[in-house]
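I set out to record what I looked up in this structure, entry by entry. The notes follow the order in which I worked.

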Amino acid sequence: MAHQKSAQYDRVVRKQYRELMDRCKVNLDRMDSELPPPVEDFQDVLKDRGVSRRSFIKWTSIMTGALMLPPMFKPMVARAAEQFSRVPVVWLHMAECTGCSEALLRTSYPNIDDILLDTISLEYHETLMAAAGDQAEQCLEKALHDFPGKFVCVVEGAIPLAMGGKYLTLGPKGKTGLQLAREVTSKAAMTICIGSCSAFGNVQAAKPNPTGAVGVGQALGIETVNIAGCPPNPNNFVGTILHCLMFGGLPALDGLGRPVWAYGKRIHDYCERRPHYDAGEFVEEWGDDGAKKGWCLYKVGCKGPYTFANCGRIRFNDAISWPIMAGHGCIGCTEPNFWDTMAPLEKPIQDATIGGGEATVDHIAMGLTVATVAGIAAHAGATAWVHRDDKDTANKE
Ligand code: SF4
């Protein structure tokens, strides 16, 4: 009986994946015909950068797994990667430190993610573009004119609302950040918030927040995809664009607008120090014997049990390391208000007792998970990457 049920379940899952695959093929064909032509052939770019076909195939396996798809989707990930450079991107800078752009640019050798980011069709990026002043403004106007409803708007930084938004003015016409963000996002196919400041306000919105800074979604009242982190991991940005190319819509989002494939689990769940946590082996103070032995950092303030992100799985800087591996606890930077509530505390948020600690910590995390999962149902697949004029037509009908 159990065997029959399991076989029936397998059949249902296989059918769903076949349907998903069909949807993926149709969408990639649509993207192929609708996106602007590529400046360079992606396979030629890989060849020029010394990336072998074997490395590319290996990367598609890793990215397919990261996106929580079965291996049958590897060819689709490869096709989406080939179209990556054809997606027009307008990148806005609000109130921020440019650390998110820095994280995306930092690389010491050309892995596939970096090459994808290098080839991205950046129509406008205030920090990276050579143009300035009126010239830069013209680039933005051209991008909005050439790709209406077809470009991705990436916003870095929070939006100040105090004094009518005048704490942030941009460009030769002195527009406020709020005006500029409203104008550009209203013409975009989708808005991606890169980093926790644009997602939730965070560092810019930390107490006492004199500029009244808030996240983009809150400032404009729009749905955004939040690639949270301070800075976020570039792979989570790349994976989200690949997903949109493959399925013509946003990935499932949690209740905070973060893609579930990247932010669905806690740091604590992926952590290499977790066996020490379970064994009750903790660093009691910086530099002690436990620190030298690589024990758990919970008692010196690691916020991994309260924080949802995949940092430990994909790591940073060419996947070399990540904060907990380097010896410092997680500061909770993918969560709202982390700067006020988590980062400065070099102790656990609650007085979890060792031994009973896991029960306490998991209890806290379970509450966060329930809130997160509740949001998934509301957001999953809710927004399709369709052209804005298609949406308008649908609305009129
Ligand atoms: S508390 Fe922090 S260091 Fe310890 S296992 Fe959890 S995430 Fe890792």
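Entry 1, helix H3. Before checking a helix length, I noted that the expected span of a helix is 1.5 Å times one less than its number of residues. The model I examined is predicted. Helix H3 covers residues 53-66, and at 1.5 Å a residue its 14 residues should span 20 Å. I found its end C-alpha atoms 20 Å apart, which agrees.

I then asked which residues of H3 are buried. They are Trp 59, Thr 60, Met 63 and Thr 64. Seen down the axis of H3, the buried residues fall within an arc of 135°, so they line one face of the helix. On the face turned away from that buried side I noted the exposed residues Arg 54, Lys 58 and Ser 61. Met 68 follows H3 and has a positive phi, near 60°.

From H3, the residues Thr 60, Ser 61, Met 63 and Thr 64 meet Lys 74, Val 77 and Ala 78 of H4. I classed the residues of this contact as three nonpolar, three polar and one charged.

Helix H4 (residues 74-83) packs with helix H12 (residues 234-247) at an angle of about 105°, and their axes are 9 Å apart. These two helices are therefore roughly perpendicular to each other. On the H4 side I listed Met 76, Val 77, Ala 80, Ala 81 and Gln 83, which meet Leu 242, Leu 245 and Met 246 in H12. The residues of the contact of H4 with H12 divide into seven nonpolar, one polar and no charged.

How many of the 14 residues of H12 are buried? I counted 14 of the 14, so H12 is largely enclosed by the rest of the structure. Its 14 residues should span 20 Å at 1.5 Å a residue, and the end C-alpha atoms are 20 Å apart, which agrees. Gly 248 follows H12, with a positive phi near 65°.

Is Lys 303 buried or exposed? I found Lys 303 buried, with 25 other C-beta atoms within 10 Å; the cut-off for a buried residue is 20 or more. Leaving aside neighbours within four places in sequence, Lys 303 is in contact with Gly 329, Cys 330, Ile 331, Gly 332 and Met 342. The C-alpha atoms of Lys 303 and Ile 349 are separated by 7.8 Å, although these residues lie 46 residues apart along the chain.

The peptide bond from Lys 207 to Pro 208 is cis, with omega near 5°. I placed Pro 208 in the loop between helix H10 (202-205) and strand E8 (213-214). The bond from Cys 230 to Pro 231 is also cis, with omega near 0°. Pro 231 is in the loop between strand E9 (225-227) and H12. Asn 202, in helix H10, has a positive phi near 35° and counts as buried, with 28 C-beta neighbours inside 10 Å.

Terms used: Residues are numbered from 1 along each chain as its sequence is written. This is a predicted model: local features need pLDDT of at least 70, side-chain atom pairs count only at pLDDT 80 or more; totals for chains, interfaces and linings use all residues. Helices (H or I, at least four residues) and strands (E, at least two) are DSSP runs, numbered from the N terminus. A residue is buried if 20 or more other C-beta atoms lie within 10 Å of its own, exposed if 12 or fewer, and partly exposed in between; C-beta atoms are placed from the backbone. The arc is that of the directions from the helix axis to the C-beta atoms. Axes are lines fitted to C-alpha atoms, for helices over the stretch in contact, and angles run from 0 to 180 degrees between N-to-C directions. Angles under 35 degrees count as roughly parallel, over 145 as roughly antiparallel, 65 to 115 as roughly perpendicular and the rest as oblique. Two residues are in contact if their C-beta atoms, placed from the backbone, lie within 7 Å. Ala, Val, Leu, Ile, Met, Phe, Trp, Tyr, Cys and Pro count as nonpolar, Asp, Glu, Lys and Arg as charged, and the others, Gly among them, as polar.
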